[in-house]
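Q: I'm new to this one. Can you walk me through it?
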Amino acid sequence: MSISKEVKRITTHVLQSMKDNGEKISMLTAYDYSMARILDAAGIDILLVGDSASNVMAGHETTLPITLDQMIYHASSVIRAVKKCLVVVDLPFGSYQGNSTKALASTIKIMKESGGHAVKMEGGIEIEDSIRRVLSAGVPVMGHLGLTPQSIYKFGTYTVRAKEEEEAQKLLRDAKHLEALGCFAIVLEKIPAQLAAEVTKALTIPVIGIGAGPDVDGQVLVTHDVMGITKDFKPRFLRRYLELFDTMKAATEEYIRDVKSGDFPNKKEQY
Ligand code: KIV
């Protein structure tokens, strides 16, 4: 029996039951009302209002420039669209690191102004004060380990993380620490499949992978990559289900032709 199909709304408790019963969790990104409506209607379990909006929606090279107010704009658009899925909102760079009071203030602003259901933060033990404080206010927190794009200038590249034993051990320690703090789930990004499997086995909370192999409790991808809207981003872990860039480009070319030739609008397309 599918737990996610039986329930009216996906909550953090439903996600925990899914892990406990071996039902995989599906998660995608969404940044706007129209896309969120489609994904929610299809039955997605979690929508992530990711700070990847900085790249995908605004064309920035990194996730660093996006602001708290911009995240709230995206999140409130998504919240207006969904009926069933859980909506997790990324705390953007600079809104939570190194200052737990600021982390709580940023979270409260997101929760009050967007109506999001939970927040996600990147990092392990080094952000424990922020996580603790946000949790103390009753807001569910999703962790994020492995490749953490807000630290791109520390890593230098977007290559696979935790290939070396020392980094793998730290990641495992961090994952256990996030669980002990009270996070309801964690995302593991771009790490070896074997390490992700080990972390998933060691934790009782759901582990969602992106580029982390099959032996995790769920998968997340960036919707614009899945749908082929972002044309040139083709990491090995990505599966494309559509080529919308090409499809929409061809449709636009046809529209332009029809306008230029006077074929559009025809007699039926006017008052
Ligand atoms: O911002 C984002 O889209 C993310 C996912 C890649 C997990 O954090």
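Q: Let's start with S114. Buried or exposed?
A: This is a predicted model, so keep that in mind throughout. S114 is buried, because its relative accessible area is 5%, and the cut-off for buried is under 20%.

Q: Where does S114 lie?
A: In helix α6, which covers residues 100–114.

Q: What does the side chain of S114 reach?
A: The backbone oxygen of I110, at 2.7 Å. The side chain of S114 also reaches the backbone nitrogen of G116, at 3.0 Å.

Q: And which residues is S114 in contact with, leaving aside neighbours within four places in sequence?
A: I72, A75, S76, I79 and K109.

Q: Take S76, then. Which helix is it found in?
A: S76 is in helix α5. S76 is buried too, with a relative accessible area of 11%.

Q: What does S76 touch, not counting residues up to four places away?
A: E113 and S114.

Q: How far apart are the C-alpha atoms of S76 and I191?
A: They are separated by 31 Å. Along the chain, S76 and I191 are 115 residues apart.

Q: New topic: the ligand. Which residues surround it?
A: T29, L48, G50, D51, S52, D90, K120, H144, E189, I210 and V222.

Q: How far is the side chain of S52 from an oxygen atom of the ligand?
A: An N or O atom in the S52 side chain is 2.5 Å from a ligand oxygen. For K120, a polar side-chain atom lies 2.9 Å from an oxygen atom of the ligand. For D51, an N or O atom of the side chain is 3.0 Å from a ligand oxygen.

Q: How much of the ligand's accessible area does the protein cover?
A: The protein covers 96% of it. On its own, the ligand has 260 Å² of accessible area.

Q: Let's zoom out. How many helices and strands does the protein have?
A: It has 12 helices and eight strands.

Q: What is its radius of gyration?
A: The protein has 20 Å. A compact globule with 271 residues would have a radius of gyration near 18 Å, and the protein's value agrees with that.

Q: What box do the C-alpha atoms fill?
A: One of roughly 65 × 40 × 40 Å, taken along the principal axes.

Q: What share of the residues count as buried?
A: Of the 271 residues, 49% count as buried.

Q: And what does the accessible surface come to?
A: About 14,200 Å². Carbon and sulfur atoms account for 54% of that surface.

Q: Take contacts between residues at least 6 apart in sequence. What percentage join residues at least 24 apart?
A: For the protein, 56% of those contacts do.

Q: Now the backbone. Which residues does the cis peptide bond join?
A: F264 and P265, with omega about -5 degrees. P265 is found in the segment after α12, a helix spanning 244–261.

Q: What is the phi of A162?
A: Positive, about 55 degrees, although A162 is not a glycine. A162 lies in the loop between α8 (152–155) and α9 (165–181).

Q: Is A162 buried or exposed?
A: Buried, because A162 has 4% relative accessibility.

Q: And what about the phi of K190?
A: K190 also has a positive phi, about 50 degrees, and is not a glycine. K190 is in the loop between β6 (185–189) and α10 (193–202).

Q: What is L64 in contact with, leaving aside neighbours within four places?
A: S54, F93, P149, Q150, I152 and Y153.

Q: How far apart are the C-alpha atoms of L64 and P92?
A: They are separated by 7.3 Å. Along the chain, L64 and P92 are 28 residues apart.

Key: Residues numbered from 1 in each chain as written. Predicted model: local features only at pLDDT ≥ 70, side-chain atom pairs only at ≥ 80, totals over all residues. Heavy atoms only, no water. Contact = heavy atoms within 4.5 Å. Near = heavy atom within 4 Å. Polar contact = N/O pair within 3.5 Å; in protein donor to acceptor, adjacent residues only side chain to side chain. Areas by Shrake-Rupley, 256 points an atom, 1.4 Å probe, with all protein chains shown as cover. Helix = DSSP H or I, 4+ residues; strand = E, 2+ residues; numbered from the N terminus. Rg over C-alpha atoms; globule rule 2.2 N^0.38 Å. Buried < 20%, exposed > 50% of the residue type's maximum accessible area, 1.4 Å probe, protein only.
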